[in-house]
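Dear colleague,

Please find below the structure that I am handing over to you. My notes on it follow directly after.

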Amino acid sequence: MMKNNTCSWLTSFCWVSIIAVMSGCSGVTDKITSWWSSPNSLKEIAVVAEPKANQNSATALDIVFVYENELVKQLPDTGPKWFQTRGQWQQLYPQQFEWISLQIPPGQQVKQVTLPARVGEAQYIVGFANYLTEQGQYPVNLTPLTQVQIRLQADRIDVVDNAAN
């Protein structure tokens, strides 16, 4: 007799769970979706430095992959601040983020940046450039983009998602 009650309870639980998921119960469906989906959609990054980029100077560019949301609020608000503190970030949080460093002279390009193996786990992806002018020093959020082209211009960065075209 006990076996039938357990089986009946288990069957009821399964049906209730299936109905909750199918009806769009956001708490349940969000949790289930997060098990197999990525927090970002980034697939590729290309970088193009225009001939007069960064006032005709090579541009240091770091693409930062943050794996824990708590760190996003702590990131510096300009490229120069990032470049001054990135060593400290690496010491304090060696597993919570990583970055790719590029140095791009004017008129050059990187057709495809090699992305880290954990790119799909990144909660936030941001580009920091060490521009000479203030306009180019602000970070660019790459998290919602898929096929990114970063254009280093004379005084600022322009970002295009080629997947949207």
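How many of the eight residues of β2 are buried? The strand is mostly covered, with eight of its eight residues buried. Here, buried means under 20% relative accessible area, exposed means over 50%, and partly exposed lies in between, with a 1.4 Å probe and protein chains only.

Before going further, please note that this is a predicted model, in which local features need pLDDT of at least 70 and side-chain atom pairs count only at pLDDT 80 or more, while totals for chains, interfaces and linings use all residues. Residues are numbered from 1 along each chain as its sequence is written, and side-chain values use heavy atoms, with hydrogens and water left out.

**Overview**

The protein contains five helices and eight strands. Helices (H or I, at least four residues) and strands (E, at least two) are DSSP runs, numbered from the N terminus. Read from that end, the order of elements is α-α-β-α-β-α-α-β-β-β-β-β-β. Of its 165 residues, 35% count as buried. The protein exposes about 10100 Å², and carbon and sulfur atoms supply 54% of this area; accessible areas come from the Shrake-Rupley method with a 1.4 Å probe, and for residues only the protein chains shown count as cover. Among contacts (heavy atoms within 4.5 Å) with a separation of 6 or more, 68% are between residues 24 or more positions apart.

Strands of a sheet pair through backbone hydrogen bonds, either parallel or antiparallel. In this account, two strands pair if DSSP finds at least two bridges between them.

Strand β2 (residues 59–66) is joined to β5 (residues 124–129) by six bridges in the antiparallel sense. Within this pair, I63 stands opposite G127, and V66 stands opposite Y124. β2 also pairs with β3, again antiparallel, over eight bridges; there, L102 is the bridge partner of L61.

In a regular strand the side chains alternate between the two faces of the sheet. In β2, T59, L61, I63 and F65 point one way, A60, D62, V64 and V66 point the other way, and all are buried.

**The loop between β5 and β6**

Q137 is found in this loop and counts as buried at 16% relative accessibility. Leaving out residues up to four places away in sequence, Q137 touches D77, T78, G79, P80, A129, Y131 and L132. P139 is found in the loop as well, but P139 is partly exposed, with a relative accessible area of 30%. P139 and T78 are 61 residues apart in sequence, yet their C-alpha atoms are 6.0 Å apart in space.

**The other sheet**

Another four strands form an open sheet in the order β4-β1-β7-β8, with mixed pairing. Its edge strands, β4 (109–110) and β8 (157–161), each pair on one side only. β1 and β7 pair in the parallel sense over six bridges, and V47 has I150 as its bridge partner in β7. Strand β7 (residues 147–152) and β8 pair in the antiparallel sense over five bridges, and they form a hairpin with four residues between them. Across this pair, V148 stands opposite D161 and L152 opposite I157.

**The nonpolar cores**

A nonpolar core is a set of buried Ala, Val, Leu, Ile, Met, Phe, Trp, Tyr and Cys residues joined through side-chain atoms within 4.5 Å. The largest has 25 residues, and those with the most contacts inside it are I45, V47, I63, F65, L142, I150 and L152. β1 (44–49), β2, β3, β5 and β7 each supply at least two residues of this core. A second, separate core of 12 residues includes A60, V66, L71 and V126.

Yours sincerely
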